[in-house]
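Have the viewer open as you read.

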Amino acid sequence: LLDKDEINAAQKSMSSYAFRREFMASFEARGLEVFKEDWIKFSEEKPENYDCYVAVDVSGFQDLVKKKTKNTRLDNTSICVVFVNEDGWYVENIVYGRWTVEETAQKIFQVVRDYKPLCVGIERCISYQAVMPPLLDMMRRNNFFFHIEEILHNNVKKIDRVIWALQGRFENGIITLNKGAWNSRFLDELFQFPDILTHDDLVDSLAYIDQLAKVTYGGNYEELSDFEIIDSVAGY
């Protein structure tokens with residue numbers, strides 16, 4: 001039998017879905033209740049001592065798709081800006097839309113120039129290959145350069161990747177949303193996930209932050225004022 005304290009600790013740190021699957025052998029359908037409204041926190045007060053990360057979920061482009069078919073249902077390209085520290089994630093902004101290749105590169109460049117993130121990640125896909133040339137050209141023309149990290153799926157299904165990246169964090173109050181025009185669209189996607197009839201581009205871009213964010217946990221250490229060196233060779 002598992003230790004009771006271990007079970008209690010897991011229940012506090014894991015999402016309810018993950019806990020039921022791992023500890024209660026429950027494999028119920030996820031349905032449309034992966035994320036709940038009472039998990040959502042808003043704040044317009046930005047955190048202190050944070051690192052900024054930008055993750056981009058690139059979709060098909062309007063100018064390229066129109067050449068193929070008039071009936072294609074376009075996804076949105078989503079550019080997610082998140083401030084991260086040891087207390088959690090603060091979703092500062094999500095810029096999204098259906099743009100041409102050039103417009104997409106311009107949007108990414110503007111966001112990076114405005115926020116100056118520690119790391120920029122773009123989903124590795126065919127669209128990534130299309131947007132990189134104009135984006136690199138903008139860097140050269142503006143003499144403003146930044147490294148782009150390719151975000152990989154690593155053969156993990158989107159549903160599992162999003163749930164493991166976001167569900168536990170939302171449920172345990174680790175993610176806070178800034179108030180903005182993007183809120184309505186984001187929450188609509190979040191509460192309906194994983195509905196195949198609903199776009200999930202904004203949610204997906206936020207989940208990518210999990211692959212980019214690196215948090216350093218530090219502590220305050222008091223200097224020992226009465227420390228005395230006994231052996232000058234050994235140093236103690």
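Helix α6 has a kink of about 30°, centred on W164, where the bend at a residue is the angle between axes fitted to the seven residues ending there and the seven starting there. Helices here are DSSP runs of H or I with at least four residues, strands are E runs of at least two, and both are numbered from the N terminus. Before going on, bear in mind that this is a predicted model: local features need pLDDT of at least 70, side-chain atom pairs count only at pLDDT 80 or more, and totals for chains, interfaces and linings use all residues. Numbering runs from 1 along each chain as its sequence is written, and side-chain values use heavy atoms, with hydrogens and water left out.

How far apart are the end C-alpha atoms of α6? They are 19 Å apart, which agrees with the 20 Å that its 14 residues (158-171) should span; the expected span is 1.5 Å times one less than the number of residues. Several α6 residues are buried, among them V162, I163 and L166. Buried means under 20% relative accessible area, exposed means over 50%, and partly exposed is in between (1.4 Å probe, protein chains only). After the helix comes G173, with a positive phi near 75°.

Now for the charges. The structure holds eight salt bridges, each a side-chain nitrogen of Lys or Arg within 4 Å of a carboxyl oxygen of Asp or Glu. One pairs D200 with K158, with the closest N and O atoms 3.0 Å apart. That pair links distant parts of the chain, since D200 is in the loop between α7 (183-192) and α8 (201-207) while K158 is in α6, 42 residues apart. D200 is buried at 15% relative accessible area, whereas K158 is partly exposed at 33%.

Another salt bridge joins D210 and R169, again at 3.0 Å from N to O. D210 sits in helix α9 (residues 209-212) and R169 in α6, so this pair ties together parts 41 residues apart in sequence. Salt bridges that share partners also join K158, R161, D200 and D204 into one network.

For a pair within one helix, go to α5 (residues 126-142). There D137 and R141 are four residues apart, so about one helical turn separates them. Their side chains meet in a salt bridge of 2.9 Å, N to O. D137 is partly exposed at 31% relative accessibility, and R141 is exposed at 56%.
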